[in-house]
Every structure is written in C-alpha cells, then in structure tokens.
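Trainee: I'm new to reading structures. Could you walk me through this one, feature by feature?

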Amino acid sequence: MAQLETQLDGVGSAPAGLPPAETLAPPRLRGGLRALDDSRFFPIFLLTPILIFFLVWNVIPLLWLLGLSFYRYKLTSSRAEKYVGFENFRDIYESSALWGTLGRTLTFMVTTVGLATVLGVGLGLLFWGSTRMPGRRLALTMLFTPMVLPPIAVGTFYRLIYDPTFGVANYYADRIFGRTFDFLGDKDLAFPAVIAVDVWMWTPFMILMTLAALGSVPKAELEAAEVDRLPWSKRLRYIVLPHGKFILMLGILLRTIDAFKTTDLVYLMTNGGPGKQTETVGLNLYRTGFEAFQMGDASSLAVVTLLIAVAFTSIYLYVLNFRESRAQAQTGAGA
Amino acid sequence: MATSWRQHLYHLLLWLIALAFFAPVLWIFLGAFKTAGQLVSWPPRWVTFSPTFDNIREVFARENFWSYFRMSFVLSIGSVLIALVVSFLAAYCFSRYKPTGTNFLMFLLLSVRMVPAPAVVVPVFLMYTAFGWARTFTGMLLFYVMFSIPFSLWILKGFLDGVSLRYDETALVNGGSRLHVIFRVVLPQVKPGLVAAAIFNLIFVWNEFLFNYVLGGEATMIPVLLAVGVNSGGSVDWSFIASLSLIYTLPPIIAIFLFQKYLLVGMTFGTVRGEV
C-alpha cells in the first residue's frame, strides 16, 4: 500500500518535471536498471533495435542485391545462377531500350517537377493572405488531398476519368475540341496524360512548400517594406526570395526524388504502355524482375537505381545542412 | 466597403481553386453513390442522379473485403507503433550521445526510402523467399516497420534536438534514472513529433502497394484488391471500384483534416518545420 502511494506520488508529480525517480521503480528492479543505466553500454542498448532492423532489412538485402547483380539468374528457369561478372551492367550500358527508359524518366521528372513548381509557387503566393478565409481548414484539406491519396487510387481514378468511351475528361474534350481522345491508349497522348495527373497530384505539395517558405520570411522585414511602400516585385526579390529560397529548394529536391520513384501510378494507369511510351525506371525494374523474372538483370538495374537515389539524397542533405549552418551562423551573429 | 468586397472575391477564388483540385476525387466519390448506368452516362451527371447506397453495401457484403480491410488497419497501426518505439530510442541516442557514424547511418536510412520501390522489392523478395518469410503476416509487418523507421527517426531526431539538454541534466542530478529521463521527462516534450511521425507513416503504409502486391500473401491489403479489380481485363465493375476507392481513401483525407498542422513536418520528414 505504501509502495502504491509513493508510486502515485511519482506519477502525480511527473508532469511538473522532475520527481525523485527512485520512488517510481520498486527497489528490487532499481538495482538492475541502475546498472544498465550507468553502464557505457546504455547507448548501445538504445541502438540495438534499430541496428537489428538495419542489418536484417537493409544490409543483408543490399549484399544480396550486389551479389546477384553479377549473376545471370532467371526465377522461372531451373538452371542454377551463373556468374557473369559485369555483363549485366554492360548490358544495361549498351541497351538502347534502357537508355530510352532513363531518358523518359528524366523528361518526366523535369516536366512534372517544373510544372508543379511553377503552378505551386503561383498558387502558394495567392494563398499567402488566406489566414482569415472562411472554412480555411476544409478548403486546405480539399486542396492538399491529392498528395496524400494512394498513388494506386489516383491511377484508378484517372482510368475512369480518362476512359475513351464514357470518361468525364472526354466529355469536356468533346465539348471543347469536338472530338474524343483515347488519352491513355494513344501513343502521343499517354505521356502528357500521365504527366498531367502527376502535376495535379503534386502541385499541392509545392503550394505547401511555398506557404512554408513564405512563413519563414521575418514579419518585421515585410512590415518595413510595407512602410517604405516597396513595390511587390521588389518585395519578392529582395525580401521573400532570400529568406524563402531554401525551403523552396528543399521542396523541389524532394519532388525530384519522388518523381524519380514514380511506379505505382504509371503501373495502374498505363502499365508503361502503349509500347514503352510511359515506362519509368521503377516500372521497368518491376517488369524485369516480376514479369520477365530476370532477377540478375533486375538486380544490376536496382544497383544503378540505388546509386542515383543515393546521389539525390546527398544533394538534398547538402542543401539542408547548408541551410542549417547558415541559420546557426546568423543567430550566432545576432547573439 | 470596397475592400470587403475584394476580400470576399479573393476568398471565393481560393475556394474555387481548392474545389478544382478536389474535383477529380469528388467525381469518384459521387460515382460510389450512382448506379452503374448513371456512372458511365453521357453527359456526366454531377448532381442529377438519385443517390443509392447499394454499391457501398455491396462492398461491405463481400467476404474478402473485411479481411483486406482488417489487414490494412492491423498492418499500418502495428508496424507504425513498433517503428515509433524503435526510432524514438535510436533518435534519443543519436541526439544525446552523438555516437560516431550518426550522420552516416541517418543518411543511409533516408537513402533507402528515396529509392524507387521496385529496387528495394527485388532484394527483399529474394531474401524473403530464401528465408521463407514471403507471404507471411510477420514478414509483412516487420517489413513495414523498416519502411516506417527512416521517416520516424528523422522527424523524432529533429524534435529531440529541439529539447534542451538542461532537462536531462536536471533530472539526472535529481536522481532520475536514464530511462526515467527518456520516458518521463523528454518523451512528453516531443509529443507533436510523435503524432506527426505516427500520422504520416500510417498514411504511407496505408497507401503502399508494390511490396504488398509482391510479398503480401496472407497479409494482403486493400490496394491490391483495387489494382486487381481494375486490371482484371474485360469489363471493370466501376461501381465497385468507386465505392472501394471511397472507403479506402477517406482515412488519409480525414487524417489531414484533423492533423493539418502536422502536414508540413510530415510531408518533409521533419526537415522543414512550421505550420501552414
């Protein structure tokens, strides 16, 4: 009973900050915990779970991948894997189809990120003064909905919307152009149609990042500009841009990485077709591994993709650290 | 007076933009309440249809729907909870002890999440098949734990770095144990970080498709049902697809309505803070 009381005491005073902790653990346990606590193994104890996950789900698969990328191995054939050295990589390098896919993915990334950025920054600026808008929370939820939707659901939506016979997009196309289109089946239209969906999905993200960038601009400087009656173009150039550009840059980089990853969306909308018009790197990889079952080829392709992704991540973190060190330097100078 | 009019017009414009972005989603959601004929009618019916709940009822009546639905819930909640515990402990260690290699490990973990999904599916598939983990519930659950760890770690590390070391020191001086410091002193202060990490990883796991498609087996979730329904060949049962999409996409939408202030932190893995 007494013990329970001291425990309750401990719980009661916990939010206030710093209760005498001995009261929390029963005496028997205390010895063990103390030993663990003071030991220099304590940090390792904290890290053990994540290291296990890292080892089993990252390191082992990575080694597996690296190993298999030097083999010819087809999942469906009974022949044992055969060591071929760098042949898979040479195949990748020499295959024109693959360079085509890579080029297409690059075009996809540049177009969709570019369009989403232009649209997002424009609309973000428009939403800048929206704090007193009635029903803002609901409106923003509707605005930001596309980016939290499952890509697979978005693909489904647009299969219905783009449908050549009864799709709602075709109804409006008919009203405007006087004819219907097979958006996802036509070899000239499929790629732009997929890009349009991706831009729709990710423009809200760029709006979000623009709003964040605008939020990072110090109020005092804006007020000073207001007092000085600085024209809007100059306010954007001399006040908003210098403060906001880092967050915007991070947004663009994240979008670029994400666009490079695009797989689910295209898989459901066109499955890379017609022909290979909309096949991205991710989809190509999936089809090599799980439709052609060429695991060796898929592995070496995955290694190349991995290196590209690591490069992207390094750039992202470089910009992030650059921003943080600059912010520290500024606050340091201020203090 | 004139400014007030302009204000109203401005707000109306913003609402119209928001509605324009929502329109395609709304179209599908409306489709869930139409009969098969009305869904594919030409010209499209935005309002002129008599709402029916038959489609939704039919989805609920399908036997396998509930198993997929339950699996979606159990897998996302279970894996995110485990991931949060694992990454909180690690984030505390990284933030306070700063062991050698902290930055490198954080970088590696983030990189893995930046790779196109199939490049990760291939090796994990090979490993799972060799170990006999493919198509099992545990295999899928633990995979999603790994899937959620990088972003949780990044978000929590960011928040923990913002909690002053003074708290730890004061608690230790007053005789608190390390575990007491971690769970009673520091943990309550990073609650927003925990919420953001939980919500966004829940959404990401909920939305995930490819791993589940390849490795799911007994732990298959709703997206696979959706993809198979659309790609089945022949005529697609659009009423079913629309109703299923409605049920499936509503949770993320409700989540960003309720937790809007965490949107920025969540979508940038804690690298950018602030509210919108």
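Trainee: What is the phi of B:Arg135 near?

Mentor: First the general idea: most residues other than glycine have a negative phi. For B:Arg135, phi is near 65°, a positive value in a residue other than glycine. B:Arg135 sits in the loop between α6 (117-131) and α7 of chain B. B:Lys98 also has a positive phi, near 45°, and its place is the loop between α4 (63-96) and α5 (102-113) of chain B. B:Lys98 is exposed, at 59% relative accessible area.

Trainee: Before we go on, what should I know about the model itself?

Mentor: This is a predicted model, where local features need pLDDT of at least 70, side-chain atom pairs count only at pLDDT 80 or more, and totals for chains, interfaces and linings use all residues. Residues are numbered from 1 along each chain as its sequence is written, chains are lettered from A and ligands numbered from 1 in the order in which they are written, and side-chain values use heavy atoms, with hydrogens and water left out.

Trainee: How many helices and strands does chain A have?

Mentor: Chain A has 14 helices and two strands. Those are DSSP runs numbered from the N terminus: helices are H or I with at least four residues, strands are E with at least two. Of the 335 residues in chain A, 48% are buried. Then look at contacts, meaning heavy atoms within 4.5 Å: among contacts in chain A with a separation of 6 or more, 65% come from residues 24 or more positions apart.

Trainee: Which domains does chain A have?

Mentor: Domain bounds come from an automatic or database domain assignment. Here that assignment gives domain 1 (21-68) and domain 2 (87-334) of chain A, with their C-alpha centres 38 Å apart. Four residues of domain 1 of chain A are in contact with seven residues of domain 2 of chain A.

Trainee: And how do I read the area buried between those domains?

Mentor: Buried area is the accessible area (1.4 Å probe) that two parts lose on being put together, summed over both. For domain 1 and domain 2 of chain A this is about 420 Å², 81% of it on carbon and sulfur atoms. By class, the side of domain 1 of chain A that touches domain 2 of chain A has four nonpolar, no polar and no charged residues. To read those classes, Ala, Val, Leu, Ile, Met, Phe, Trp, Tyr, Cys and Pro count as nonpolar, Asp, Glu, Lys and Arg as charged, and the others, Gly among them, as polar.

Trainee: How many residues are in contact between chain A and chain B?

Mentor: There, 111 residues of chain A are in contact with 103 residues of chain B. The area buried between chain A and chain B is about 9,700 Å², and carbon and sulfur atoms give 80% of that. Helix α3 (residues 42-68) of chain A gives the most to the side of chain A that touches chain B, with 18 residues. By class, that side of chain A has 81 nonpolar, 19 polar and eleven charged residues.

Trainee: What about salt bridges?

Mentor: Side chains of opposite charge can pair when their charged atoms come close. The rule asks for a side-chain nitrogen of Lys or Arg within 4 Å of a carboxyl oxygen of Asp or Glu. The structure holds 15 salt bridges over all chains, while the count between chain A and chain B is zero.

Trainee: Which parts does the pair A:Glu87 and A:Arg72 tie together?

Mentor: Their side chains meet in a salt bridge at 2.5 Å, N to O. A:Glu87 lies in helix α4 (residues 87-94) of chain A and A:Arg72 in strand β1 (residues 71-72) of chain A, so the pair ties together parts that are 15 residues apart in sequence.

Trainee: Is A:Arg255 buried or exposed?

Mentor: A:Arg255 counts as buried, at 1% relative accessibility. A:Arg255 forms a salt bridge with A:Asp258, the closest N and O atoms being 3.7 Å apart. Both lie in helix α11 (residues 232-261) of chain A, three residues apart, about one turn of the helix.

Definitions and conventions:
Buried means under 20% relative accessible area, exposed over 50%, partly exposed in between (1.4 Å probe, protein chains only).
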